[in-house]
Amino acid sequence: MNAGPEAPVSAFPQITPFEKMFQQHRVESDGLWMYQSSNHGKRHFFSMEALFARYRRPGSMRLGNDGSISYLELVEDELIDATDEDFYDQFSENEGFNYFDQTTYDVIPNLNAPGTRLRWGWTNDDGSGVEIAGWWLTQADTSWSAIEDSTHQPNRANQAIMDILLSPPNYIDPSGTGVVSSIPGVTTAEINTVLQNELMNLRGLPLDDGSVNGVTVPYDLDFNIKVVSQAWGTNATWMTTPFVDKKALKIRGLAGARYMRVREAFSFVGRDSGLLYSDATNIAGIRPDLKLFSLPSGTDENQDGIIDNAGVVEDDSTGNTNTGTSTAFFVAPLDPVTGLPVTPTTTYVNNVVRTNLAGPEIGFQFDLGGEKFKISGQTKFGLMANQETIKLKGDNVGMIVRADPNDVDRPKALIDPTPTDPNPNEFSDSQTHTHVSPLFEQSIFAEMALFDKIPVLKRMKLLEEAKLKVGYTYIAAGEIARPYDSIRWQGMPTRGLFPSIDLKRETWSVGTWSVGLDWNY
């Protein structure tokens, strides 16, 4: 039988039965013509990855004002008067003995956060292509409390009495005679013991109070630092035809645009009893600023059941470990003008920085290997427009235990609240800036065709064309405002000195390990 061609493959003007084939001709370095052809057309790729990131930590910067006198130096004369010079020397000559010491940000634990990344795009027959990626990291929320490092730990059995003592009306006698109990069924001696156990030698906050040497504020109830970091971003990248095209190596140029959002926050909370205290056997009136503590040795030298007592010297320079007293002297300083005693006070400072980065980037990509195993990487450099917003707020930043506004050497720092102004020591500040920030990204990945070798998995349709993808990505952006640095640590509300924004910029970075699946279709 004579059978003609089927209609779909008939001669012109019907469609051609032959696929058009991509052809590429080029001259190699040795002068020989090279020929490459392909008929697979545009090929798409898609990957999804789980991310395990670590943000850059604040570093070893000091919390508070640089150059302010330490608490030990602040109370040197008072401490020697209450004890002796040998006792003072044990603190000053041994850095391991904390005495409301200043601290640095390197106490903050690592800022780890999980996340996810999606990538989609295509490559053309000539090796060029487009990639669109988006990634998101969860919030890394980490904190450090000075209580964790204290040799002197609170006792839950005393919490009920402490809740009453720290609530109005004030149960600590301001007249200078020591502790007086107004709690039914609780004696003065019992309150004295509770305070010796519950008040702690934590850390101090150095401040510029307008004086030559500044001050360091001691906190004996709580001292907590909290740090928050979060980031996410997206970018679109055009990949050029490879300018190095070997059998197992391809290198191509990259050009594109990126948007990235970074949010960082810092929080400080300190609580102080508002009390001054000393050893009752040696007390001779109220000593300004003094909170006397035993050496933080972690042992109970006077065997009273309390380790490193507040207000009591457990040991002395003679080596006799049982000469310490069992009674301390606690007093709330009294304002001679208003007649009001200092009460327990909470200090807090919050600073939040939101950074938006957007701009162009260029770089290059390499691919080494074949279909079964391939190592690839991208190097990118960008110049980003940086729009940043900084918001600072807080309350009660100043030397809490000072009560006399007429004292020339140690004037009152905090303003007394009133019914019309319950928070007179509150403050806030905000700034918005726009500038340019450089950006660098380096990534390296390994792709492996493994699933066709694994029983059960090789039968799954979803994994038929999938490859295992693992890698690491490092992103660094310069000239980023950091919330830890950008605070001017002033504290003397009675003289109009409050913390404010003192903008400082440095490098922000995040390193991310990733594992996921990659499909080509």
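The model is predicted: local features need pLDDT of at least 70, side-chain atom pairs need 80 or more, and totals for chains, interfaces and linings use all residues. Residues are numbered from 1 along each chain, and side-chain values use heavy atoms, without hydrogens or water.

**Exercise 1.** Find what joins Glu361 and Arg258, and where each lies.

*Solution.* Start with the contact. Glu361 and Arg258 form a salt bridge, with the closest N and O atoms 2.8 Å apart. A salt bridge is a side-chain nitrogen of Lys or Arg within 4 Å of a carboxyl oxygen of Asp or Glu. Glu361 is in strand 14 (residues 345-369) and Arg258 in strand 11 (residues 249-272), 103 residues apart. Strands are DSSP runs of E, at least two residues, numbered from the N terminus.

**Exercise 2.** Is Glu361 buried or exposed?

*Solution.* Take the cut-offs. Buried means under 20% relative accessible area, exposed over 50%, and partly exposed in between (1.4 Å probe, protein chains only). Glu361 has 4%, so Glu361 is buried. Arg258 also has 4%, so Arg258 counts as buried.

**Exercise 3.** Classify Arg62 and Asp66 by accessibility.

*Solution.* The side chains of Arg62 and Asp66 meet in a salt bridge at 3.3 Å, N to O. Arg62 has 37%, so Arg62 is partly exposed. Asp66 has 58%, so Asp66 counts as exposed.

**Exercise 4.** How many salt bridges does a search of the whole structure find?

*Solution.* The search finds 22. Glu78, Asp289, Arg402 and Arg410 are linked in a network of salt bridges.

Technical notes:
Helices (H or I, at least four residues) and strands (E, at least two) are DSSP runs, numbered from the N terminus.
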